[in-house]
Every structure is written in C-alpha cells, then in structure tokens.
Amino acid sequence: MGAILGAAVVSGSIYALISLGFALAFRISGVFNLAHGILLVAAGYANYGLGTLLGIPPWLSIPASILLVSLIGFAIEGGGIPLAKRAGLKPVDIMVLSWLMLVVLQDVLIIIFSSTSIYMGSANVVPGWALLGARITPLQLFTVSASLAAGLGFFLMARFSVSGREITAVGDNPLLASICGVNVKRVVGLNAAAAALLTAGAGVLFSYQDRLDPTLGMRFSIVAIVATLAGIRLGPAGAVLGAFAFGLLESLVLYLVDPGLRDTAVYFCLLVVVLVTYRRRLLPETG
Amino acid sequence: MGSDGAVPLLQAIDLSRHYGSGPILNRVSIGLRSGTVTLLTGRNGSGKTTLVNCLAGFDRSYSGEVFLGERRVDPVGPSERARLGIVRTFQYPHLFDDFSVRDHLTLSLLASSPAFRSYFRQRWRSAQAERRTTVAGVADLYTKRGAELSFGEMKLVNTARAIATGARILLLDEPLASLHGEKRVAMVDTIRSLRDAGCAMLVIEHVWSDLLPMADAAYELENGNLQELPCE
Amino acid sequence: MLDFLSYLTQIAVGSALMALALSVYVDGIGYTVFHLLGVSGVSAYSYALLTVACGWSVPLALSIGILLGVVCGWLCSECVRTLRGDGLALATFGIGVGTFEALRFVRITGGVFGLAGVPQLGVAAPVPILATGAVVLLVGIGATALWRRSLGGAIVRCVQQDEWGALSIGARVEGHQRLTGAFAGALAGASGIYAAAATGFIEPRDFRPTNLLVPLAATILACGRTPLGVVGGLFAIVLFFQAVRFIGQDPTTAGPVSEILVAVVVGMVLVLIRLRRRPKFDG
C-alpha cells in the first residue's frame with residue numbers, strides 16, 4: 001500500500017503541475033488545447049538537447065529550455081487561441097487545430113531527436129527517504145512540494161487577490177470584464193505565461209525522473225484535461241486535486257490490476273469525466 | 001381559462017422557472033383553445049420566450065405541468081411535441097443556410113418521418129409542401145437559400161415553415177417583427193385564416209394594434225406573473 | 001506501374017473508407033468525432049480472429065465484422081448522445097483511443113505484436129487487388145452518395161446547420177444520431193477489415209490516433225462536397241506522401257515531414273472554411 005501511495009504522490013505531482021497549467025489556460029480560453037502536453041515533452045527534449053547534446057551546463061540549460069518552451073506555449077495560449085476565438089472559430093475547431101499543432105510539434109521532435117526516448121536522471125539509484133513504506137528521492141520531494149505550493153498559491157490568489165478575481169472575471173465574460181476596467185490582454189498574457197511556465201517546468205522535472213518520448217504529448221494532455229474536469233468546481237486549484245486523484249487511480253491500476261491497462265485507464269477516464277461533467281446546454285432566447 | 005368549459009388544446013398549470021436567484025416564471029397558468037388567438041406581451045427579459053420554450057419542450061427545467069388535451073407532455077422533448085402538434089417559431093429565426101425556402105417547407109412536412117425510412121427516400125423534394133403554407137410573399141422566395149434571406153424574409157419563412165408542419169398549436173414569437181406594409185398585412189391575414197381553420201395560437205408581440213381586433217385573450221408577463229389584459 | 005497502383009490501392013482504399021465514415025459525421029450531422037478508428041479496430045480484429053483463430057469463411061467473417069462496426073457505431077452514438085462540440089470530440093476521443101489501448105493489451109489480439117495470416121479478400125495479384133479495391137471503393141462512395149441524397153441525409157444536414165430549427169419541425173434528432181453512428185460505423189468497420197485483409201497482417205499501431213490525420217484531412221479539404229471529392233482528396237494526399245518519400249529518400253523523416261505539411265495545410269483550410277461561414281444569431 002505504501003508503494004501505491006508513494007507512486008501516486010510522485011506521478012500525481014507531475015500531473016498536478018501540468019494540469020494546473022492547463023486549468024489556468026482553460027479558465028480563460030474555455031478551449032481544450034490538445035497541444036498542451038507536447039510542451040511538457042518539448043521542455044524535456046530541449047533540456048536534453050541543450051544539456052546533453054550541446055554540453056551546456058544544467059544551471060543554464062534548464063532555465064533556457066523552460067524559457068524557450070514557455071515562449072512557444074505563450075504563443076499558442078496567449079496569441080493563437082485568443083486570435084482564433086476573436087476570428088469566430090468554435091471551440092471544437094480550435095481543439096482540432098490544437099491537435100494538428102500537437103502532431104506538428106511531435107513530428108518536429110521526432111525529426112530532430114529521431115524517436116529516441118530520453119532520460120536525464122542519474123544512472124545511479126538514489127536511495128531517497130522512506131515515506132509510508134515507499135522511498136522518495138529529493139527531486140521527487142521537490143516536485144511534490146512545488147505542485148502543492150503552486151496549487152495552494154493559485155487557490156489563495158483566486159480567492160483573495162485582485163488578480164485572481166480579474167482572471168475569474170475574464171474567464172466568465174471578457175467583454176464585461178473589459179467594460180469594468182480589467183486589462184483583458186494583460187490578464188490573458190500573464191495567465192498564458194504562467195500556464196506555459198508551469199508546464200515547461202514540469203517537463204524538465206519529469207525528464208529527470210522518468211523516460212520521455214515524443215509520443216507522450218497526447219497522453220499528458222489527456223491527463224491534464226481529466227484532472228481539470230474532475231476538479232472543475234474548485235477552479236485551477238481543483239485540477240491539482242484532480243491530478244493527485246488520477247495519480248492514485250493510475251497507481252491502483254498499475255499495482256493491483258495490470259500495468260498494461262495504464263493507458264486504457266487514461267482514455268476511459270476521459271470518457272467518464274466528460275460524460276459526467278458535460279450536459280447538453282439548451283440556452284433559452286431572451287424575451 | 002375559458003368560460004365554455006371545453007378542455008384547452010394546450011394548457012400550462014402553475015409553470016415556474018427560476019434562473020439564478022429570481023423566478024422568470026412564477027406559477028404561470030395559461031390555456032390555448034382551438035380556433036383562438038392569445039396575445040402575450042411584456043418588457044424585454046420578462047420571460048415570454050422562456051414560456052414558449054417551456055410550452056414547446058425546449059426547456060424542461062420547469063416545475064408545473066403542461067397538457068396537450070388530456071395528455072401530460074412534460075417528459076416529452078421538443079421534437080416529439082412538434083410531432084404531437086405543438087410547433088413554435090423563434091425570435092431570431094433558426095433557418096437552414098444551405099437549403100432553399102422550398103426545401104424548408106418540404107422538410108417541415110417530412111421531418112417527422114421515421115428516421116430509418118427517411119434514409120431510403122431519395123426523391124423527397126417532389127413532395128409539394130408549398131401548397132400547405134398560406135403565407136403570402138413566401139412563394140417569391142422559394143429558390144433563395146436560407147443564407148441569402150434578409151431578416152424580414154427569414155421571419156416570413158420561419159412562420160411559413162411552422163405552418164407547413166400542419167400543427168394544431170402554433171407558438172409564434174414576434175411574427176410581425178421587421179415586417180412592413182403589404183407583408184405585415186399578409187401575415188395578419190395568415191394568422192386570421194389559421195384561427196378560422198381551428199388552429200390555437202399564442203402570439204408574442206410588443207405592438208398589438210394589428211392583432212388586437214382578432215385576439216380572444218391577451219396577457220402581460222411582469223415579474224414572472226401573468227396578468228390578463230382587456231382585449232377591446 | 002500495375003504494381004504501384006495495386007500498392008496504392010492497398011494503402012489508400014482503407015483510409016478512403018474511413019474518410020467517408022468521417023465525412024458522414026462532419027459533413028452530415030456536423031459532429032467532430034474521433035471514435036471511428038476504435039470501431040474500425042474492433043471490426044478488423046473480429047474479422048482477423050474469426051478467420052485465423054476460428055477458421056470461419058471470409059464472407060461470414062466479413063459480414064460479422066461489418067455488423068460489429070454497425071453495432072459499435074450505434075452504441076458509441078448512444079453513449080455520447082447528449083454531448084456536442086468539444087465535449088463530444090473529447091468523449092469520442094476517449095472511446096477511440098481507449099479501444100486502441102485495450103486492443104494493445106488484450107492477449108487474444110496478439111497484443112502489440114498483432115496477428116498475421118489474415119486472409120485477403122481476393123487473389124493476391126495486382127489486377128485482382130485493383131479490381132477488389134475499386135469495387136469496395138465504389139460501394140462505399142455509392143452508399144455515401146445515396147445517403148447524402150436521401151431525406152435522412154437532408155435532415156441530418158438540417159441538424160448540422162441548426163439543431164433547434166430541426167427540433168422545431170419535429171425532426172427525430174436522436175434517431176438520426178443513432179443511424180448516422182451505425183452507418184459511419186459500417187464504413188469504419190469496412191475500412192479496418194479492408195486494411196487488415198490488404199496486408200494480411202493487423203497490429204494495434206494501425207489504429208493509433210495519428211492514423212486519423214489523413215482521412216480527417218481529406219474530409220476537411222473536400223469542404224462538404226461529394227463523396228467523390230473526399231476520396232479524390234484522400235488519394236491526392238496519399239500520392240503526396242509517396243512523393244515526399246520518393247524525393248526525401250529517407251523513410252524515417254519522410255513520414256513526419258509529410259505529416260507536418262498535411263497538418264499545416266489542413267489547419268489553414270479548416271480556418272478558411274470556418275471563417276467563410278455566416279455568423280448565426282445566437283439566442
């Protein structure tokens with residue numbers, strides 16, 4: 001049981017960071033950006049490319065790769081998606097476009113790094129600390145702490161700060177928020193930047209803890225969507241809880257059912273969460 | 001609800017609908033009898049279209065009861081209510097961009113066909129549904145597509161399409177809006193003919209002068225409550 | 001030349017049937033769905049298992065396979081009946097990819113290694129392959145064209161263009177959803193069976209999500225035109241892939257490069273098509 005909980009907490013922490021990033025962006029745009037997960041993968045590969053292939057030291061390669069991928073994420077979430085919405089594209093069309101973007105970025109990674117999976121962590125086994133019958137390494141502990149801190153931070157920000165209320169206002173009705181004096185472009189931009197930074201950071205952290213390959217982007221996007229929808233009533237912070245809950249479910253499947261069903265579980269979770277969360281909305285006309 | 005004791009064709013009893021904290025409909029009761037025109041007015045946002053949505057089944061999140069004759073239709077959705085004879089029009093017409101006006105009328109006639117049989121019917125356009133509509137001015141628009149119509153023309157086609165279904169109960173949401181001159185007169189004549197043919201109609205309008213002479217009842221929705229108004 | 005044409009037929013006809021299945025949804029009822037690859041996988045594997053493992057005849061296994069496609073298509077449309085837009089796309093994505101992952105896991109399907117020895121639909125020679133492919137394609141195009149021209153096809157297009165308008169005239173939207181799902185499921189099932197029979201081999205990789213890119217691209221590029229337009233677009237894309245492979249001479253990069261170019265073009269066309277659409281009154 002300790003191993004299951006430990007694995008749940010560790011995997012849940014990475015999922016929490018990417019889900020928080022996704023939820024922040026989703027709160028404003030209302031669009032399921034399927035390209036979100038490939039940013040995590042791209043950050044890991046960027047760090048690998050800069051660090052391992054070009055020999056740049058980690059204190060430079062890590063922030064550089066986070067910054068580089070954050071710029072791509074910002075361009076998508078802060079520029080591309082708002083532009084598409086203003087042009088009148090429906091959310092489902094933007095979702096299809098984001099899937100095409102994922103395919104493009106995935107193929108770019110395959111061309112540059114030729115489908116090789118990467119692992120940036122040490123070849124030596126790090127013993128770590130005992131916790132609830134499992135062992136947790138310093139890096140994993142850092143990731144868990146960072147995800148919990150980020151989740152709590154955004155929860156408090158959303159509830160008690162002006163910025164948090166501005167994000168909620170823009171997410172609910174950008175036109176009305178603009179009329180009430182909120183700088184919508186600034187809010188959208190900062191929100192997109194935060195989302196991209198969280199995801200890129202998660203990618204770099206993940207590359208030091210597990211193997212990464214270009215085809216994992218879609219899986220991470222789906223996990224982020226599942227976690228966001230599962231915790232939707234609590235806003236972005238709910239995505240963190242949803243991510244840890246998903247991490248627990250994944251560990252249960254891995255340890256108690258069959259490791260081969262891990263990916264099947266992700267996609268059937270998606271179906272269940274969407275069916276439970278979504279209802280067909282029949283909007284009445286005014287009059 | 002009628003002095004002659006006859007059961008109304010369509011009847012709503014204690015209909016209530018809430019949005020957020022306030023009621024948009026507050027225990028509204030209304031009955032539509034065969035061969036009558038009932039007028040409904042109210043300021044913007046008073047709930048007129050919400051009432052039509054509830055009667056037609058587009059909004060079933062209400063409390064209260066809706067009867068079609070003696071049959072309770074609350075569990076029934078909008079397309080089945082349309083097949084049972086309760087057809088509504090829209091304030092902003094919901095037309096089909098790529099279909100001609102003639103196709104709109106034909107589809108109104110045939111849309112209620114069982115789905116499986118529809119897939120085997122190839123020459124459906126030959127069904128002459130335009131004979132079923134009595135809205136003047138629509139014939140000039142037969143070859144135009146939904147996307148090519150002006151707002152006034154869309155309102156005309158919207159009403160003609162509802163009539164072409166052959167429904168006994170019509171819920172018309174501002175049928176005279178954007179109509180002027182001959183077209184307005186023609187629409188009023190159409191409503192009169194439908195009444196004379198036994199149709200029960202609920203007509204939402206802000207300007208009543210053209211319809212008041214033929215109206216059998218008139219109501220105003222205010223703060224969710226239905227108040228009867230004099231018809232003279 | 002005959003060898004090349006028969007090779008093209010083997011790789012393209014299955015995708016063309018999938019494109020027709022997608023077009024039934026996208027151009028018909030107007031839904032964007034992603035479950036059809038999963039449905040095609042179920043049909044393909046059932047055909048393979050019934051013939052290879054159970055020794056059933058090809059016609060019987062083929063019929064059962066397509067029937068399973070119809071049933072799965074129907075069931076999927078039932079599951080997601082109340083969803084629309086991005087929620088529907090996501091839910092069907094979960095169904096489609098979840099089915100693919102399940103096929104990878106289940107031992108009876110051979111897991112990640114797949115199944116070999118899947119019987120072909122005709123004689124394994126260039127001319128019969130071309131003839132069989134042409135017949136299958138013509139049947140698919142004909143069925144889709146008849147569906148589009150039918151009253152049912154018109155009603156689903158009404159649902160696509162304005163669902164409230166369709167409901168207001170008594171259109172049996174749920175019935176049409178089910179039949180659209182069943183018909184698309186039949187086409188998707190035929191697509192999977194043909195692809196398996198064409199190569200004599202089936203593996204879960206044949207049904208991964210990126211394999212929808214080419215059929216979806218053909219559907220979008222056809223811009224709602226006839227089934228012939230969808231199939232023509234698909235063959236053009238397949239020829240483009242072959243051309244890139246031929247020019248590039250490096251098979252490891254030719255595939256990703258082709259995919260990038262197709263994805264970019266399709267994205268641009270999708271944006272242009274949607275921007276041309278007249279804005280409707282909302283509410």
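This is a predicted model: local features need pLDDT of at least 70, side-chain atom pairs count only at pLDDT 80 or more; totals for chains, interfaces and linings use all residues.
Leaving aside residues up to four places away in sequence, L179(B) is in contact with G152(B), K155(B), R184(B) and M187(B). E153(B) also deserves a look here: 26 residues separate E153(B) from L179(B) in sequence, while their C-alpha atoms are 8.4 Å apart in space.

Four strands of chain B form an open sheet in the order β2-β1-β4-β5, with antiparallel pairing. Strands β2 (22–32) and β5 (71–72) of chain B each have a single partner strand and stand at the edges, so one side of each has no neighbour in the sheet. Helix α1 (residues 48–56) of chain B packs on this sheet, where it touches β1 (10–19), β2 and β4 of chain B, and its direction makes about 120° with that of β1(B).

For chain B as a whole, the secondary structure amounts to 6 helices and 10 strands. The radius of gyration is 17 Å, in agreement with the value near 17 Å for a compact globule of 232 residues. Along the principal axes, the C-alpha atoms fill a box of roughly 45 × 45 × 40 Å. Buried residues make up 50% of the 232 in chain B. Of the contacts with a separation of 6 or more, 67% join residues 24 or more positions apart.

Conventions
Residues are numbered from 1 along each chain as its sequence is written. Chains are lettered from A and ligands numbered from 1 in the order in which they are written. Two strands pair if DSSP finds at least two bridges between them. Helices (H or I, at least four residues) and strands (E, at least two) are DSSP runs, numbered from the N terminus. Two residues are in contact if their C-beta atoms, placed from the backbone, lie within 7 Å. Axes are lines fitted to C-alpha atoms, for helices over the stretch in contact, and angles run from 0 to 180 degrees between N-to-C directions. The radius of gyration is taken over C-alpha atoms; the globule rule is 2.2 Å times the number of residues to the power 0.38. A residue is buried if 20 or more other C-beta atoms lie within 10 Å of its own, exposed if 12 or fewer, and partly exposed in between; C-beta atoms are placed from the backbone.
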